[in-house]
Amino acid sequence: MEIKKGKYSLEERGLNFNLSDDLDFKNSECCFYFRGGNGFGKTSFLEKIIIPGLKNDNVQYIYIGQDIRTQLYTLRALLSVQGIKVSDNDEVELLRLWINHSKSATVFILDEFDKYFPDYGFIFDWSDSFIRTYIIVTHLGYSRPDAVAEKYRTCNVRFELVDFDGRLKNVRVKKE
Amino acid sequence: MAIYNLDEILNTYGDGYLILEFNHLFISSSLREEVWLLQRTDDDAMVKKIMHEAEEFDIHDAKGDKDFDTYSGGQKAILSCLLIIAVIRNRKINGLKLLLNNVLNSVSDDNRSKLFTKFEGIRSTHNTRLFTDKNDHIQEIL
């Protein structure tokens, strides 16, 4: 799945994106890091542009969103329906089971997961045998440790506010 | 292992600290309602003050009645900090111990720096002490 450079408008979220470079999510093994100020549309870009594109191309993905509380409740219920029980307080095991049951996915999206686990290498350990592309929203200034960097090419993507016209934010999205 | 254990945070720190936790930043759905709950009156001046300060963080579209769900996660974290700072100033609360859980790491570096400046301000005027989560412990950062 590829998102071509150009303009993308999300008026309902008050955002206009100007994507300066093509973003190619089909070439393996790449780790995209999305960075930028608060409210510049990183999560909106994920949810309204990338994920619909993945769905359109029938690309399977795993998405761990910012509001992990709701997601964990949902995940526990989903696994329970499938007959898989997880103890009440073992949420890391919950994630491990979910990832282990999602091996048809080739894209893994993590939105600020590092605030819960600054060192989240276990996510890669559990998934790098089948995931080809990671998309990571982060406010940390550094990328994943060497082990991941060796296997996955790093692509840093910056969201920059160009201006705000009183209604819409114009945001430049570019590779660094 | 728990990724997210609010009960443990409350049990351990709930008695001695005011806790801002990323997944539970607000009770209500808008800044005006939140101010009303904390001030027990429709304090339009406080709402405007917070909206004005929010502009320093590139939150130009803040409004008193705008639903919190329409802000980004980081913007909500910033607004919650500005709100508590405004209340501390307004009610002249002295010596409060404030614990930020998964809040500061939800904001960009420059916004974090601006928040620190504001917290330093109320530390000097209201002796507010600032703590944040670090692995399984908390640490005092201001």
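The model is predicted, and local features were considered at pLDDT of at least 70, side-chain atom pairs only at pLDDT 80 or more, while totals for chains, interfaces and linings use all residues. Residues are numbered from 1 along each chain as its sequence is written, and chains are lettered from A and ligands numbered from 1 in the order in which they are written.

Chain A contains five helices and 10 strands, where helices (H or I, at least four residues) and strands (E, at least two) are DSSP runs numbered from the N terminus. Its C-alpha trace spans about 50 × 35 × 30 Å along the principal axes. Of the 176 residues of chain A, 32% are buried. A residue is termed buried if 20 or more other C-beta atoms lie within 10 Å of its own, exposed if 12 or fewer, and partly exposed in between, with C-beta atoms placed from the backbone. Among contacts in chain A with a separation of 6 or more, 69% join residues 24 or more positions apart, a contact being a pair of residues whose C-beta atoms, placed from the backbone, lie within 7 Å.

Chain B has five helices and four strands, arranged along the sequence as α-β-α-α-α-β-α-β-β. Its radius of gyration of 14 Å is close to the 14 Å given by the globule rule for 142 residues, so chain B is as compact as a globular protein of that length. The C-alpha trace of chain B extends over about 40 × 30 × 30 Å along its principal axes. Buried residues amount to 36% of the 142 residues in chain B, and 65% of the contacts with a separation of 6 or more link residues 24 or more positions apart.

Within chain B, the axes of helix 4 (residues 73-90) and helix 5 (residues 109-126) come within 11 Å and cross at roughly 15°. Axes are lines fitted to C-alpha atoms, for helices over the stretch in contact, and angles run from 0 to 180 degrees between N-to-C directions. The two helices of chain B are therefore roughly parallel, the term for angles under 35 degrees. Residues in this contact include Ile78(B), Cys81(B) and Ile85(B) of helix 4 and Leu115(B), Lys118(B) and Ile122(B) of helix 5. By class, the contact has six nonpolar, two polar and two charged residues; Ala, Val, Leu, Ile, Met, Phe, Trp, Tyr, Cys and Pro count as nonpolar, Asp, Glu, Lys and Arg as charged, and the others, Gly among them, as polar.

The contact between the chains takes 24 residues from chain B and 21 residues from chain A. On the side of chain B that touches chain A, helix 4 and helix 5 of chain B each supply at least two residues, and helix 4 gives the most, with four residues. That side of chain B has nine nonpolar, 12 polar and three charged residues.

His139(A) lies in the loop between strand 8 (133-137) and helix 5 (146-151) of chain A. Beyond its neighbours within four places in sequence, His139(A) is in contact with Glu112(A), and with Asn105(B), Val107(B), Ser108(B) and Asp109(B).

Key:
Contact = placed C-beta atoms within 7 Å. Parallel < 35°, antiparallel > 145°, perpendicular 65-115°, else oblique. Rg over C-alpha atoms; globule rule 2.2 N^0.38 Å.
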